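Please read them with the structure open.

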There are 2 protein chains.
Amino acid sequence: MKSEVRVFSPGTVSNVACGFDILGFPLESIGDEMIVRKTTEKGIKIKNFSDYKLPLDISKNAASVSALALIDSLNPDFGFEIEIIKKIKPGSGIGSSGASASGCVFAINKLMGDPFTIADLIKFAMKDMENDGMFEHPDNIAPALLGGFVLVKSLSPLEIIKIPTPDDLYCTVIHPHIEIKTAYSRSILPKDVSLVNATKQIANFGSLIHSLHVSDYDLIKTSLNDHLIEKHRSKLIPNFYEVKSAALEAGALGCSISGSGPSIFALSQGIDRSMEVEQAMNKVYSGTSIEFSTHVSKIGDQGVKLI
Amino acid sequence: MKSEVRVFSPGTVSNVACGFDILGFPLESIGDEMIVRKTTEKGIKIKNFSDYKLPLDISKNAASVSALALIDSLNPDFGFEIEIIKKIKPGSGIGSSGASASGCVFAINKLMGDPFTIADLIKFAMKDMENDGMFEHPDNIAPALLGGFVLVKSLSPLEIIKIPTPDDLYCTVIHPHIEIKTAYSRSILPKDVSLVNATKQIANFGSLIHSLHVSDYDLIKTSLNDHLIEKHRSKLIPNFYEVKSAALEAGALGCSISGSGPSIFALSQGIDRSMEVEQAMNKVYSGTSIEFSTHVSKIGDQGVKLI
């Protein structure tokens, strides 16, 4: 059995316009790297090799909290050292802590000879989400671990469904460097929504699932519309509607908020179109004082993987 | 070209638990029959060969209103006589007027050499739904005309999507002989619903669409749950929850209200199970003074057809 593995753990886009709290997909070209090795000493140790500050207290880092949940259930007579090379900026809205948690449990499972299923790993990785006392949906973790579009049907019992991913679907992400706390972004959502809007959302979500099954890009386009969430959360993101309009004018199939923001994602058919969309989104923030970064990525059908 | 056709136009179940106003499917073994023939005299004439009273005023019968919408757009120099052999009791909640409308426009289109697409026919057949001044969703008409599970994604523009129907899926319907006006059944629905319940419904609907694509009967079962509508409309249907419990105990995949009621439908895998479910539902109403009738049917992948 190996004593050290290196993994790539992808960033993820959750909510996906009409799939608030239930749909997500991984990015192929942006993610964290982690090296996890066995140590003779029991327990978990974290080392940060990133440009970003990360909590090194093992009770506060997403990776170690998940790792502890996993090893608590096996109680091995050795420990693990986790080197994190974080490439997803924390708080960006593309699943930074989800990537740490997913990568770490995946790596430790490998080092122990794969005793756990992906469903088990999702549960361990969800542990860290309880950190701030607020239960979070696994719509970042499940796609990071499973790959492709993933529908979180239910939390209790945990029901996770992998949906087919069309071959030619690409994602553009623009990340304005501002901070939005997930808890705040959730607190501004209304408790109630109109039955009319809920019905529109249900229809869009059903047709999105169908369109992914049959790779119908025209239908993906008309389905990627949110009637419940975007109008509230967009207030927290400067120039959101200009970015969205620019993306759609450049030919994106759809554009909305990634997770609870501030990142904005757009889906496109083909990498060329996705790069044109990147240019268009880019142009909007270039005219402001906001710092930002962008990514173009195929939607990975594989999630976290050994590298 | 033929001068007379005879058609079978199926009853339909709409809403389908988690698909309020957007999903429906046709029944194969219960539907209206209609004979439509060309007449030298212009216009539309209706004859009722049914056990049920039907409006013979052509401005008030679902069949003729739809027929008029169709012929208005072509203005032929002949007319049509429509004989209706209605087998779906009006007001039962399994698309009685939708069957009349769908069968009639389908038959006239055949007699004229198929000038219209199914999408056109759906629009003509929707005409009659404006009769009582309230716009209705085409979740009965579209499955009656297209066959199989049909998702009504949007009304304006009209977007209709045919979803795959698993081979071994059967429907049991029990129709208590009480009257519920569609308008009243709609009026008792709340204007707003909680975001939490809307999210559960969206997840169930998405996974139902996925489960139909992959013929996953276990997933169909856990998806067929409504969080928005049933609790309100069930109050109008005596013994609803006893019937539902009995159906589920007998092995149904799911059970809810058909359309706006009063019929209750249950889906099952296989005809044997569907007949056991019929017995179980039957037993509940047999213990009451309510008259009722039941049907067991395969879910037709073809809608209205020539016979």
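1. Which residues of helix α3 (residues 118–126) of chain B are buried? They are B:L121, B:I122, B:F124, B:A125 and B:M126. A residue is buried if 20 or more other C-beta atoms lie within 10 Å of its own, exposed if 12 or fewer, and partly exposed in between, with C-beta atoms placed from the backbone. Helices (H or I, at least four residues) and strands (E, at least two) are DSSP runs, numbered from the N terminus. The buried residues of α3(B) pack against α1 (62–72), α2 (96–111), α4 (141–146) and β6 of chain B.

2. On provenance: this is a predicted model, in which local features need pLDDT of at least 70 and side-chain atom pairs count only at pLDDT 80 or more, while totals for chains, interfaces and linings use all residues. Residues are numbered from 1 along each chain as its sequence is written, and chains are lettered from A and ligands numbered from 1 in the order in which they are written.

3. On confidence: the average pLDDT (the predictor's confidence in each residue, from 0 to 100) of chain A is 93, and 97% of its residues score at least 70. For the model, ipTM is 0.95 and pTM is 0.95.

4. Neighbours within four places in sequence aside, B:A67 is in contact with B:I44, B:F80, B:I82, B:C104, B:V105 and B:I108. Two residues are in contact if their C-beta atoms, placed from the backbone, lie within 7 Å.

5. Strand pairing in chain B (two strands pair if DSSP finds at least two bridges between them) can be followed from β2. Strand β1 (residues 4–14) and strand β2 (residues 23–39) of chain B are antiparallel and share 10 bridges; B:S9 stands opposite B:D32 in β2(B). β2(B) is also joined to strand β4 (residues 79–85) of chain B by 7 antiparallel bridges, and here B:I35 stands opposite B:E83. With β5(B), β2(B) pairs in the antiparallel sense over 2 bridges; the bridge partner of B:L23 in β5(B) is B:L151.

6. The contact between the chains takes 29 residues from chain B and 29 residues from chain A. On the side of chain B, β5 (149–155), β6 (158–163), β8 (192–194) and α6 (195–214) each give two or more residues. The largest share, 12 residues, comes from α6(B). This side of chain B divides into 15 nonpolar, 9 polar and 5 charged residues. Ala, Val, Leu, Ile, Met, Phe, Trp, Tyr, Cys and Pro count as nonpolar, Asp, Glu, Lys and Arg as charged, and the others, Gly among them, as polar.

7. A strand pairing also links the chains: β8 (residues 192–194) of chain A runs antiparallel to β8(B), joined by 3 bridges. The bridge partner of A:V193 in β8(B) is B:V193.

8. Chain A is assigned domain 1 (4–163) and domain 2 (169–298), with bounds from an automatic or database domain assignment. Their centres, taken over C-alpha atoms, are separated by 24 Å. The contact takes 21 residues from domain 1 of chain A and 30 residues from domain 2 of chain A.
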